[in-house]
Amino acid sequence: MLDLKSIIFDNPFIKIISIVFAVILWFSVGPDNIHKMDLAVPIEVRNVPPALDIKSGGAGFINLRVSGRKILLKKLKGMPDKKIMAVVDLSNARAGENIIQISKGNINLPPGINLIQIYPKELIMVLEPRNNK
């Protein structure tokens with residue numbers, strides 16, 4: 001039978017390595033490694049009906065709050081704006097005022113980045129019949 005003294009003092013090298021490994025693992029995946037960041041991303045409008053033109057609401061940015069590991073957010077901050085955008089599909093839009101909901105499905109974020117908040121959550125786009133002069 002093992003006594004308490006042998007459990008504590010036998011194989012000290014293995015025990016020290018185990019503790020060091022546990023500390024490294026804790027700091028690499030611990031909750032302190034998750035950070036938040038705000039981004040302004042451009043809106044890309046797709047599939048405008050051929051008979052309509054965008055009168056207002058077609059240009060601009062939306063604001064996102066995202067979270068992720070610090071190293072991923074640093075890479076994200078250095079990316080060109082064209083890589084991250086909000087895509088708005090107007091294939092079902094009609095002439096007049098259209099309220100477009102913005103959701104997670106409209107945003108293309110890299111893996112490891114989580115979307116926390118979108119502002120504004122909806123866009124008002126006014127379309128008018130195209131003038132063919």
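User: Happy to start with helix α2: how many of its 18 residues are buried?

Analyst: Good place to begin, with the note that this is a predicted model in which local features need pLDDT of at least 70, side-chain atom pairs count only at pLDDT 80 or more, and totals for chains, interfaces and linings use all residues. Residues are numbered from 1 along each chain as its sequence is written, and side-chain values use heavy atoms, with hydrogens and water left out. Buried means under 20% relative accessible area, exposed over 50%, and partly exposed in between (1.4 Å probe, protein chains only). Helix α2 is hardly covered, and its count of buried residues is zero.

User: What span should helix α2 have, and how far apart are its end C-alpha atoms?

Analyst: Helices are DSSP runs of H or I with at least four residues, strands are runs of E with at least two, and both are numbered from the N terminus. The expected span is 1.5 Å times one less than the number of residues. For α2, residues 12-29, that rule gives 26 Å, and the distance between the end C-alpha atoms agrees, at 26 Å.

User: Which residues does I107 contact, leaving aside neighbours within four places in sequence?

Analyst: I107 is among the core residues with the most contacts inside the core. Contact here means heavy atoms within 4.5 Å. With those sequence neighbours set aside, the partners of I107 are I62, L64, M85, A86, I102, L115 and I118.

User: How many residues apart in sequence are the parts tied together by D38 and R65?

Analyst: A salt bridge is a side-chain nitrogen of Lys or Arg within 4 Å of a carboxyl oxygen of Asp or Glu, and the count comes to three. D38 and R65 form one of them, with the closest N and O atoms 2.7 Å apart. Because D38 lies in strand β1 and R65 in strand β3, the pair ties together parts whose separation in sequence is 27 residues.

User: Where do D53 and R130 lie, and how many residues apart in sequence are the parts they tie together?

Analyst: D53 forms a salt bridge with R130, the closest N and O atoms being 2.8 Å apart. D53 lies in strand β2 (residues 52-56) and R130 in the segment after β7, so the parts tied together are separated in sequence by 77 residues.

User: Is N106 buried or exposed?

Analyst: N106 sits in the loop between β5 (96-101) and β6. Not counting residues up to four places away in sequence, N106 touches M85, A86, V87 and Q101. With a relative accessibility of 16%, N106 counts as buried.

User: How far apart in space are H35 and S67, C-alpha to C-alpha?

Analyst: H35 belongs to strand β1, and its relative accessible area of 29% makes this residue partly exposed. Beyond its neighbours within four places in sequence, H35 is in contact with V66, S67, G68, K70 and L73. H35 and S67 are 32 residues apart in sequence, while their C-alpha distance is 5.5 Å.

Notes. Core = buried A, V, L, I, M, F, W, Y, C linked by side-chain atoms within 4.5 Å.
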